[in-house]
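Me: Could you take one part of this model and go through it closely with me? Please spell out the cut-offs as you go.

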Amino acid sequence: MNYIGIDIGSTASKVCVIREGAEPEFRVMPTGWNSKITAGIIREGLEEMLGSLEECRIVATGYGRISVDYADKVITEITCHGRGGYEMVGRDCSIVDIGGQDTKFINVRNGRAVDFLMNDKCAAGTGKFIEVMANRLGVTIEELFDLAAKGTPLPISSICTVFAESEVINYMGEGKEKEEIAAGVIHSVATKVVALMQRKELMDTVIITGGLSDNAFFAGLLSEKLHRKVLPMQNGRYAGAYGAAILAQEKFGK
């Protein structure tokens, strides 16, 4: 039996396949404009990979989870991200998951989410904010972080993405260095993420999941602002899909 987790997020869709006696396999693709189409493409890819889904049990999670009509079960992203992050780090932990449209904070004990918060009221402090600012500066997200690592941050005080973008435009008009603007953007995101995390008690181990999970610079910035170590995770962007696959194995495995 194969166990599959599918995490259809607002920006990227992740898949984890657990085959008996093998290491988990991960795949990612852009979600696109229609989650149902994305779910269909994922199904085709899985059938090509596995031959058939008859000997598979599937759990779907994420924003587009209801679009995965071939899933055996649908589970919320808090539960799946919590379980996946726990398995990746191997112990109780606090997880900050920076997604395309929201940021989640989850405390996990014994593989179960026991407390969480979400910032889903504004794009500031999320991947979308970073994407908008990178586009405004004419760079990729990776280039934005590279620039930020070299610059002294300019203050970006607005909590609204539209107003923050206006601040960036003003800095550009004043001829400020691109490195300084980029540093201001990334420091602004880190400050907002830390403010969310500080609303709850932190576990001894703190990790990042989501699209920025393997970014050592951002992990270091969070550590600096939080005054404690925050661990980047190499495969952290797959935490939701991994957790979903593990839960499929637990619920449907013999």
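Reply: Let's begin with His 187, which touches Pro 153, Leu 221 and Lys 225 once residues up to four places away in sequence are set aside; contact here means heavy atoms within 4.5 Å. This is a predicted model, so local features need pLDDT of at least 70 and side-chain atom pairs count only at pLDDT 80 or more, while totals for chains, interfaces and linings use all residues. Residues are numbered from 1 along each chain as its sequence is written, and side-chain values use heavy atoms, with hydrogens and water left out.

His 187 belongs to helix 6, residues 178-197. Helices (H or I, at least four residues) and strands (E, at least two) are DSSP runs, numbered from the N terminus. With a relative accessible area of 18%, His 187 is buried. The bands are under 20% for buried, over 50% for exposed and partly exposed in between, using a 1.4 Å probe and protein chains only.

Now for strand 7 and the sheet around it. Strand 7 (residues 103-109) is mostly covered, with six of its seven residues buried. The sheet is an open one of four strands, in the order 8-7-6-9, with mixed pairing; two strands pair if DSSP finds at least two bridges between them. From one strand to the next, the twist averages 20 degrees.

Going through the pairs, strand 7 meets strand 8 in the antiparallel sense over seven bridges, and Asn 107 has Asp 115 in strand 8 as its bridge partner. The two strands make a hairpin with two residues between them, and Asn 110 in that turn has a positive phi of about 55 degrees. Strand 7 also pairs with strand 6, antiparallel again, over six bridges. Here Ile 95 stands opposite Ile 106 in strand 7, and a hairpin of four residues links strand 6 to strand 7. Strand 6 (residues 93-98) runs parallel to strand 9, joined by five bridges, and Ile 98 sits opposite Gly 210 there. As background, side chains in a regular strand alternate between the two faces of the sheet.

Helix 3 (residues 127-137) and helix 5 (residues 161-173) pack at about 25 degrees with their axes 11 Å apart. That makes helix 3 roughly parallel to helix 5. Axes are lines fitted to C-alpha atoms, for helices over the stretch in contact, and angles run from 0 to 180 degrees between N-to-C directions. Under 35 degrees counts as roughly parallel, over 145 as roughly antiparallel, 65 to 115 as roughly perpendicular and the rest as oblique.

On the helix 3 side you'll find Phe 129, Val 132, Met 133, Arg 136 and Leu 137, which meet residues of helix 5 including Ala 164, Val 168 and Met 172. By class, this contact has eight nonpolar, one polar and two charged residues. Ala, Val, Leu, Ile, Met, Phe, Trp, Tyr, Cys and Pro count as nonpolar, Asp, Glu, Lys and Arg as charged, and the others, Gly among them, as polar.
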